[in-house]
Amino acid sequence: MEVRKLAVVMAVLCLIIAVVAPVYAVKSTYIIGAVFDVTGPGSPLGTPERDTARMVEQLINKQGGIGGHPVKFIYADNSSEEGKCVMSVKKMLDSDKVKVIIGPSTTGTTLAVAGICERSRVPIVSCAAGNKITTPARPYIFKTAQADTHAIAKVIDYLKSKKLTRIAFLNDSNAFGKSGLEQMNLQATKSKITLVAVESFGGKDPSMSAQLTRIKSKKPQALVVWGTNPGPAIIVREARQLGLRMPVVMSHGVANKKFIELAGSAANGVVLPAGKLTVASQIPSSDPQKKVLLQYQSLFQKTYHRDADAFGGYAWDAAQLVTRAMKKAGDNPAKIRAEIERTKNFVGVSGVFNFSAKDHNGLGKSAFVMVKVDKGGFKLVK
């Protein structure tokens, strides 16, 4: 009799466990790829992006994950090399089984892997700026950095306001630099701006004095430099050493304190288009981005004890777009892609995003402000 009672009790316990266990089961982990140019020439961009992604990962898991699903980011440093980026992304797709990818940091590394993600039907949200990343739009390719199309437009607006029409253009020979030159050629003629000199430099070149000497001989009214550090910092130092006193305008590729550190006092007076984070405290309180800018800035400072910059902001926006989509779509890549494309009025660090089937950047010229380097910091140009 006792044996029979024990059997009944055990059966009841097993039934209770069977019913209750699913309630307490650990939900599956959502896997997100995060590939950045942490070392190599792109490191001033990739390092804050990687650090921001880690910060977001920790915040999400601390808050209980995405709908109860823990989040795991698979990180890779592509060393700013296109071949290594390809290998990293293939591993993420084939071995790690990531459902979506954030990064990389530069136009060249992004373009190297965009086709792979497109064929694999896994969405990628790049942190790079090159126009060709999302023009024309491809279903699985997105980006959060403001487009160089709009950056050049802001530069031209500034040049016209200062009545500067004879311009020298000096660009990095990489994909970002070439894209900037392409946009300048397209937009300058319409604005009656003449390029009196066009030169290029390599990302690892130790000196650009030869290019600057040729530029000086053409007597331009202003010099526009399109690239990412350290090249532009070297250029502005050498330009001052060679006695070039004309205004220098840079790209948004140097919109961080690293440029000022590398260029030193030669950076003073340099003007560039930048995201609003660069001058967050100077942005009017009525701006819808102000709250987000200060929130991100505060979180990054508290976590890493250094200033946030626009490049980390690109990763913040990418991570937010991806995790917002996963809250609705789960970890189905096709559904994540569709949710990102449906994003409207998302207030991010880089701007207010409005995606569509034809626009996978979602930002316009208003995402930029013009800033000037002044006494070791950035000042809003009004």
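This is a predicted model: local features need pLDDT of at least 70, side-chain atom pairs count only at pLDDT 80 or more; totals for chains, interfaces and linings use all residues.
Residues are numbered from 1 along each chain as its sequence is written. Local features need pLDDT of at least 70 and side-chain atom pairs count only at pLDDT 80 or more, while totals for chains, interfaces and linings use all residues; side-chain values use heavy atoms, with hydrogens and water left out.

Helix α10 (residues 290-304) packs against helix α2 (residues 43-62) at about 95°, the axes lying 11 Å apart; axes are lines fitted to C-alpha atoms over the stretch in contact, and angles run from 0 to 180 degrees between N-to-C directions. The two helices are therefore roughly perpendicular, a term for angles of 65 to 115 degrees. On the α2 side, Pro48, Asp51, Thr52, Arg54, Met55 and Leu59 make the contact (heavy atoms within 4.5 Å), and they meet Tyr296, Leu299, Phe300, Thr303 and Tyr304 of α10.

Within α10, Lys290, Val292, Leu293, Tyr296 and Phe300 are buried (under 20% relative accessible area, 1.4 Å probe, protein chains only). Their cover includes α2, α11 (310-329) and β11 (346-347). After α10 comes His305, with a positive phi near 60°.

Strand β1 (residues 30-36) is joined to β3 (residues 100-102) by 3 bridges, and Ile32 stands opposite Val100 in β3.

Technical notes:
Helices (H or I, at least four residues) and strands (E, at least two) are DSSP runs, numbered from the N terminus. Angles under 35 degrees count as roughly parallel, over 145 as roughly antiparallel, 65 to 115 as roughly perpendicular and the rest as oblique. Buried means under 20% relative accessible area, exposed over 50%, partly exposed in between (1.4 Å probe, protein chains only). Two strands pair if DSSP finds at least two bridges between them.
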